[in-house]
Amino acid sequence: MDDPYRNNVSQQVTEGGEYTYTQDGGGQDGYPYQADYPAQDEDARSDATEGADEDEQMYEGEYQGVPHPDEIKEARRAARMEARRKARQAAQQEDEEENLPEQYETLMEDCGHGRFQWMLFFVLGLALMADGVDGFVVGFVLPSAEKDMCISNSDKGLLGLLVYVAMMVGALVWGGLSDKMGRRKCLIYVLTIDLVFSFLSCFAQSYGFFLFFRFCSGFGIGGSIPIVYTYYTEFLQMDKRGEHLSWLCMFWMLGGLYASFTAWGIIPHYGWGFAIGSELQIHSWRLFILVCLFPALAALVGVVFMPESPRFLLESARHDEAWMILRRVHDTNWKAKGEPERVFTATNIKTPQTEEDEFIEIQSDTGTAFQRWTVRHMTMLQQVMANIMSLSAPEFRLQGLFLVIVWFCLAFSYHGLGVWFPDMIKYMQYEEYESKVKVFHRERVERFHFNFSLVNQIHREGEYIHDKFANIEIKSVKFEDSLFENCYFEDVRSTNTFFENCTIKNTVFYNTDLWQEKFKDCRMENTTFLHPKKGCHLNFQEENDIVIYMVSFLGSLAVLPGNIISALFMDKIGRIRIIGGSMLASSACTFLLLLSFSQGAVICWQCLFYGTSVAAWNGLEVISVELYPSSKRGTAFGILNGICKLAAILASSIFAAFIGITKIVPIFLAFIALVCGGLVALKLPETREKILS
């Protein structure tokens with residue numbers, strides 16, 4: 001029909017009876033369009049009807065910034081729907097978190113306890129043994145290292161302090177990271193750091209480098225204890241945890257035995273060392289450090305072939321990996337028991353995933369490689385800090401405070417007396433040695449050839465004229481207010497020997513280690529030093545008393561009965577009674593130290609104390625991993641182990657200060673700490689029938 005407005009529009013009827021209008025010339029794009037009324041020219045619209053269409057109508061309040069009532073209703077409706085969605089998600093997640101512990105316990109019971117757990121037991125035991133070895137290395141090598149590298153008394157104390165500080169920091173850092181990065185991955189990092197820097201410390205010729213390498217090694221191995229116990233716990237079912245974690249503690253004892261035995265067999269043998277060129281001297285104490293790397297190396301190789309903790313993977317919403325590992329554990333155990341036909345039947349494992357995990361996944365997959373790396377690690381750091389702060393929540397606050405007190409008290413007394421025992425033995429040896437000193441007063445020796453050693457003597461106001469001291473050793477000898485005139489010293493080796501307020505005239509020192517530091521307030525007249533042996537020189541016969549090695553060996557061996565008893569009764573009488581009873585019994589043993597009037601008595605009471613207190617250590621380590629949920633287990637254990645190292649630092653300084661002054665104060669401090677810790681331990685909740693949360 002004709003277009004009254006002459007817009008050249010043709011009308012067509014479709015099959016459905018609808019009309020379609022098509023403009024012959026098309027629009028600007030040439031596409032057809034539909035219309036219910038003829039199009040009007042823009043000029044034909046009046047001002048009265050402009051903007052009056054319903055779809056184009058504007059709310060008057062919009063000019064004043066007031067939202068439309070319909071918009072307000074829609075926003076409220078959207079907010080209510082979002083709140084309901086979040087509530088349903090939170091309820092679902094809470095339900096999944098409540099069901100996961102029971103489900104995981106059922107899975108571990110289905111997997112059984114067998115070959116896989118025993119393989120993991122020995123691998124993690126070697127890692128624990130490496131930590132025990134590192135705890136003894138510094139004490140054994142220090143007498144030789146201080147002579148080899150001319151370490152002063154203040155620097156010598158700095159070495160032991162920094163190693164413990166590094167272990168404390170390592171426990172805090174690696175414990176927190178194990179809850180976010182994984183148990184296995186962090187344990188590999190820990191052992192690798194320990195191996196690399198311990199190996200480098202074997203060849204460090206300066207004290208500064210040696211101190212730095214031992215600090216880095218301590219930072220690495222300090223994280224082993226929190227990771228090992230957390231890792232192994234998550235492969236054990238409820239009725240096996242207490243006993244097998246206690247057996248695992250025995251490897252720390254084996255580390256002490258290994259370190260004591262190898263130190264006893266290697267360090268005193270000076271001839272076992274070698275030199276690489278003229279600058280790099282490898283003495284036997286450095287070989288001892290090298291041998292001490294074997295447990296960590298074996299543990300690292302073993303951990304590489306072990307899987308990640310399936311409990312950690314489930315907490316991280318990695319369902320498929322966890323299922324494969326659980327099936328591996330199941331098949332390994334039942335094949336070893338002669339039932340290979342048993343099939344792992346678990347098909348549905350609930351894995352709660354938080355919005356935070358989804359956010360990290362999105363953010364870590366965008367941007368450049370550096371941005372992704374930064375996002376991952378900064379987010380991980382924030383998560384670790386948030387995990388640490390979450391331990392102060394009301395449900396963890398009281399039990400956490402009790403655990404901190406018990407850990408601190410036990411570590412303070414144990415490590416304090418651990419320093420006091422060998423130092424007390426050394427002091428008794430020194431007193432016995434001093435009681436046998438020979439004093440020579442106003443002796444006159446003229447034209448005499450000293451071809452024998454001088455040991456433990458004091459010479460006062462003596463005169464030595466035209467005398468010769470050749471090819472001898474002078475040990476613990478002091479010359480006071482004496483005269484040396486026309487004397488000749490050749491090939492003299494000295495230990496703890498000094499000349500005080502002496503006059504030395506026309507005397508020659510040839511190829512001796514008597515240098516200016518050994519002459520205090522002395523007057524030199526026409527005195528010559530030729531080819532002096534400057535620096536520090538090792539004397540292995542004097543610096544390595546086998547009694548010290550024997551004391552450490554017997555102290556480590558003494559914990560064997562306590563380990564066995566605690567392992568057998570941990571699940572029968574409970575963790576709390578083991579901890580409280582052991583600490584209170586150990587406090588009674590400290591009073592016997594008042595009767596230690598000889599070296600033999602000190603060694604005897606040391607063995608008794610170690611054997612009694614080890615049960616408390618085992619119970620405390622077991623309950624520490626059972627009280628906290630999987631997402632916070634490594635972090636909590638790392639903090640507690642860091643508290644242990646802090647107590648060890650304080651106790652070592654305090655107890656060592658009273659050596660030679662009084663025995664009452666150290667014994668009283670140890671007694672008070674053990675009694676307080678034992679009583680507080682009785683307030684902790686029992687966990688032997690607790691499913692890991």
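Guide: Welcome! Buried means under 20% relative accessible area, exposed means over 50%, and partly exposed lies in between (1.4 Å probe, protein chains only). This is a predicted model, in which local features need pLDDT of at least 70 and side-chain atom pairs count only at pLDDT 80 or more, while totals for chains, interfaces and linings use all residues. Residues are numbered from 1 along each chain as its sequence is written, and side-chain values use heavy atoms, with hydrogens and water left out.

Visitor: What makes Asp 491 partly exposed?

Guide: The value for Asp 491 is 25% relative accessible area, so it too is partly exposed. Asp 491 sits in strand E12, and its phi, near 50°, is positive although the residue is not glycine.

Visitor: What makes E10 a mostly covered strand?

Guide: In E10 (residues 468-480), 10 of the 13 residues are buried. As for the name, strands (E, at least two residues) and helices (H or I, at least four) are DSSP runs, numbered from the N terminus.

Visitor: How do you know that E10 and E12 pair?

Guide: Two strands pair if DSSP finds at least two bridges between them. E10 and E12 (residues 488-495) are joined by 7 bridges and run parallel, so they qualify as a pair. Lys 468 stands opposite Tyr 488 in E12.

Visitor: Which residue of E10 is the bridge partner of Arg 460?

Guide: That partner is Glu 480. Strand E8 (residues 454-460) runs parallel to E10 and is joined to it by 6 bridges. Glu 480 also has a bridge partner in E13, namely Glu 500, and 3 bridges join E10 to the parallel strand E13 (residues 498-500). Strand E7 (residues 449-450) pairs with E10 in the parallel sense over 2 bridges, with Phe 450 partnered by Phe 469.

Visitor: Why is helix H8 described as largely enclosed?

Guide: H8 (residues 284-291) has 7 buried residues out of 8, so the rest of the structure largely encloses it. Among the buried ones are Trp 285, Leu 287 and Val 291.

Visitor: How do the directions of H2 and H8 compare, parallel or antiparallel?

Guide: The axes of H2 (residues 115-148) and H8 come within 9 Å and cross at roughly 155°. Axes are lines fitted to C-alpha atoms, for helices over the stretch in contact, and angles run from 0 to 180 degrees between N-to-C directions. Angles under 35 degrees count as roughly parallel, over 145 as roughly antiparallel, 65 to 115 as roughly perpendicular and the rest as oblique, so H2 is roughly antiparallel to H8. In contact (heavy atoms within 4.5 Å) are residues including Val 137 and Phe 140 of H2 and Trp 285 and Phe 288 of H8.

Visitor: What makes a set of residues a nonpolar core?

Guide: Its members are buried Ala, Val, Leu, Ile, Met, Phe, Trp, Tyr and Cys residues joined through side-chain atoms within 4.5 Å. The largest such core here has 111 residues, and Leu 187, Tyr 229, Leu 248 and Leu 403 have the most contacts inside it. Helix H14 (residues 394-435) contributes the largest share, 16 residues. A second, separate core has 30 residues, including Val 137 and Leu 287.
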